[in-house]
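Hi there,

Here is the structure I promised to pass on. Have a look at it first, and then read my notes below.

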Amino acid sequence: MKTTYYFPHDYHARHDPKLERLFLKLGYEGVGIYWCLIEMLYEQGGYLLLEDLTLYARGDKDLSERLANVVGAFDLFKTDKTRFWSE
């Protein structure tokens, strides 16, 4: 049997103005990218490396750029010079 894990999140998150701006700009793809990154952050102890965005995009340059946009342009994540996280 597969073991699955659960982490709580605000079910009204989609009404957060930052996520609404993301949706208006990138649609459901942007929201999906956001939630995938949130799950990955949880799996990896809360931090992901900025340099690994290409890896997360599996080498797809366009997707890598969209990931970087979601991480950097909507104030949804905190970053330093090497990694990002969600508060």
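Of the 87 residues in the protein, 29% are buried (under 20% relative accessible area with a 1.4 Å probe, counting protein chains only; exposed means over 50%, and partly exposed lies in between). Please keep in mind that this is a predicted model, where local features need pLDDT of at least 70, side-chain atom pairs count only at pLDDT 80 or more, and totals for chains, interfaces and linings use all residues. Residues are numbered from 1 along each chain as its sequence is written, and side-chain values use heavy atoms, without hydrogens and water.

The protein has three helices and three strands (DSSP runs numbered from the N terminus: H or I of at least four residues for helices, E of at least two for strands). Their order from the N terminus is α-β-α-α-β-β.

Which residues of helix 3 are buried? They are Ser64, Leu67, Val70 and Val71. Because these cover an arc of only 125° around the axis, they sit on the same side of helix 3 (the arc uses directions from the helix axis to the C-beta atoms). The face turned away from that buried side carries the exposed residues Lys61 and Gly72.

The buried residues of helix 3 pack against helix 1, helix 2, strand 2 and strand 3 (contact means heavy atoms within 4.5 Å). Just after helix 3, Asp75 takes a positive phi of about 55°.

Best wishes
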